[in-house]
Amino acid sequence: MEIFYWLLFVVLGATLAGLELSRTSRDRITTSSAFSSFKNNYLLVYSLMMAGDWLQGPYVYFLYSQYGFGKGEIGQLFIAGFGSSMLFGTIVGSLADKQGRKRASITYCITYILSCITKHSPQYKVLMVGRILGGIATSLLFSAFESWLVAEHNKRGFEQQWLSLTFSKAIFLGNGLVAILSGLLGNLLVDTLGFGPVAPFDAAACFLAIGMAVIISSWSENYGDPSENKNLLTQFWVAAVAIASDEKIALLGAIQSLFEGSMYTFVFLWTPALSPNNEDIPHGFIFATFMLSSMLGSSTASRLLARSSLKVESYMQIVFLISAGSLLLPVITSFLVVPSNVKGGSISFSGQIQLLGFCTFEACVGIFWPSIMKMRSQYIPEEARSTIMNFFRIPLNIFVCIVLYNVDAFPMTVMFGMCSIFLFIASILQKRLMGIAESQRPKPQDWTALDERERETEPLNI
């Protein structure tokens, strides 16, 4: 393997280590022992859940191809997964507000374990059922756990700023360290020990079962709106009205869909972008480098979120602009760098530039996740939190299905250019969101007037 990959990995690792070791009291949030216990319990569960997800990701396509399915059939299976997340996942995920977030989290574990079991069958219909179950599980993963955390955090009376600490640590571990370790474990099971491509799915089922046991034994139940007279259609209506009537929620949903849509498109395109002439690139090592970049981003986010004077709406505008520029590099290099026509061989100079840009984008992803979680905790009403969060994923899943269906219809530069435009629009929407939030935040004189009114009415309340 070329020294370029090792040098990039070492530089990122050293930067991350330096960032973590150089923390000062200004970059840390002082918390209580009760909160630390609560946070560590959630991080354990979240890490186990993400291990169950990350173990499967690198081997889904490979397993289907080993069963003899072609690119078209595999594409249909992937579309079924995202379509299921959009249709069935939205319904099941929204039930978390009514039936309980703990119960929804347990449902995630059971659904994903069943999806892993279907991978043992080479039958197309069985695999299709597995993809549908996996789509439902994905919706629960990205709504039920966060909804439970926010509600439980508030119910226990912890400070609001402490929530950002849990978010940043969850992304640092779940989307960084756990992803790297899962990739190494999967490689050990499949290549080193020779257990075959289905082995990572069995390991994922084991981690999910352990996580489910921890949830059952240590989590308490919480709800969005536990009223008896509210059915699912009413929940959908309440969520839709909340989105339509509150521009901040609508903007947040649009920002999330634009960024995640670009992120999932990037997941499909980075391999052909770095090896347009079938260059020999170390996919596993590059994936680990991406995850290291994401950890660097989440570490940066934890510092930013620890400073109460710095608003998340402000710095995210810059993050979206940087991410837009990083995904524009494949377009720029196609015009400025002479393409190589040599088949095979090592990564080209253009590929090296793009890889640096992709690592920058992954660092932005690491900042994005805890920051968007923080904004969701501020703007989404508790009674319909899971429902609204799943509503946000509907346009995302539609977009990803369209991209999957037409991935070969457009040149790669067009796809990356589209993603860059989406991210630039996200930056504009973020600026709009900040403007609304600032205009609705009470001014110092408003607080003074409020205090005076409270003092005037205080004797009446005795």
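Let's start with Phe266, which counts as buried at 1% relative accessibility. Please keep in mind that we are looking at a predicted model. Buried here means under 20% relative accessible area, so Phe266 qualifies with its 1%.

Now, what is the relative accessible area of Phe290? That value is 2%, so Phe290 is buried as well.

These two residues bring us to the aromatic rings. The structure holds 31 aromatic pairs. In one of them, the ring centres of Phe266 and Phe290 are 5.7 Å apart, and the planes meet at 55 degrees, so we call the pair tilted. If you wonder about those two numbers, a pair of aromatic rings is described by the distance of the centres and the angle of the planes.

Arg131 lies over the face of Phe78, at 4.7 Å from the ring centre.

Finally, let's go to the surface. Is Leu336 buried or exposed? Leu336 has a relative accessible area of 68%, so the residue is exposed. You will find Leu336 in helix H13, residues 312-336. Together with Leu328, Ile332 and Phe335, Leu336 forms a nonpolar surface patch, and the four share about 440 Å² of accessible area.

How values were computed: Residues are numbered from 1 along each chain as its sequence is written. This is a predicted model: local features need pLDDT of at least 70, side-chain atom pairs count only at pLDDT 80 or more; totals for chains, interfaces and linings use all residues. Side-chain values use heavy atoms; hydrogens and water are left out. Patches are made of residues with over 30% relative accessible area and no salt bridge: like charges are joined within 9 Å, nonpolar side chains (Val, Leu, Ile, Met, Phe, Trp, Tyr) within 5 Å. Accessible areas come from the Shrake-Rupley method with a 1.4 Å probe; for residues, only the protein chains shown count as cover. A salt bridge is a side-chain nitrogen of Lys or Arg within 4 Å of a carboxyl oxygen of Asp or Glu. Helices (H or I, at least four residues) and strands (E, at least two) are DSSP runs, numbered from the N terminus. Buried means under 20% relative accessible area, exposed over 50%, partly exposed in between (1.4 Å probe, protein chains only). Rings of Phe, Tyr and Trp (its six-membered ring) pair if their centres lie within 6.5 Å; planes under 30 degrees apart count as stacked, over 60 as edge-to-face and the rest as tilted. A charge sits over a ring if NZ of Lys or CZ of Arg is within 6 Å of the ring centre and within 35 degrees of the ring normal.
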